[in-house]
Amino acid sequence: MRRDRDPGGRPRNARPRDALGRPLDRAGAEGADEARVPDDLTLAGPDAARLADRLLRDGRPFHAHEVLEASWKTGPARERDLWQGLAQIAVGLTHAHRGNARGAITLLTRGAQRVRAYQAQAAGPADRDRPYGIDLAAFLAASDDLAARIGRDGLAGIPAADLRPGLTPGS
């Protein structure tokens with residue numbers, strides 16, 4: 001089998017996926033594939049935050065993770081912990097949507113720690129509290145609360161809306 005590769009020779013995963021990023025059978029997936037985030041996505045911080053916010057609110061945390069991961073890989077080095085932490089929280093939400101409580105708790109917690117590391121070294125209040133319009137305090141509080149509730153009660157009683165936190169207020 002020949003692998004799909006980008007112009008630099010890096011492998012791409014062209015396999016169809018469902019709304020939560022789970023691989024679908026290549027043969028039986030015609031028409032079932034979700035729109036993919038391009039492998040070479042490059043967005044400015046505000047655009048990445050808005051798109052990731054919309055994807056999270058639409059219940060597509062796997063796709064939000066891909067947007068946030070692209071920002072971590074293409075953005076300024078000083079923002080690496082911000083984007084990487086947000087991407088990890090999105091993966092934690094993906095695990096929660098898929099029913100994996102342990103993975104959800106681990107990634108929600110790890111991501112929040114990384115975002116807090118970014119906040120600790122941020123240049124000023126705007127970077128620390130609301131980079132690109134992201135309400136870090138509210139998003140981290142939602143992540144912490146969700147991880148604690150999943151750890152205490154499991155995933156069964158978590159309302160679907162709690163698995164769709166937004167990055168920006170009022171979106």
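At 18% relative accessibility, Arg-149 counts as buried (buried is under 20% relative accessible area, exposed over 50%, partly exposed in between; 1.4 Å probe, protein chains only). This is a predicted model, where local features need pLDDT of at least 70, side-chain atom pairs count only at pLDDT 80 or more, and totals for chains, interfaces and linings use all residues. Residues are numbered from 1 along each chain as its sequence is written; side-chain values use heavy atoms, with hydrogens and water left out.

**View 1. Arg-149 pairs with Asp-145 in a salt bridge.** Their closest N and O atoms are 2.8 Å apart (salt bridge: a side-chain nitrogen of Lys or Arg within 4 Å of a carboxyl oxygen of Asp or Glu). The two residues sit 4 apart in helix H6, so about one helical turn separates them. Asp-145 is partly exposed, at 38%. Salt bridges with shared partners link Asp-145, Arg-149 and Asp-162 into one network.

**View 2. Asp-144 and Arg-116 form a salt bridge.** The N to O distance is 2.5 Å. Asp-144 belongs to helix H6 and Arg-116 to helix H4, so the pair ties together parts 28 residues apart in sequence. Asp-144 is partly exposed at 31% relative accessibility, and Arg-116 is partly exposed at 35%.

**View 3. Glu-69 meets Lys-73 in a salt bridge.** The N to O distance is 3.9 Å. Both lie in helix H2 (residues 61-74), 4 residues apart, so about one helical turn lies between them. Glu-69 is partly exposed, at 23%; Lys-73 is exposed, at 57%.
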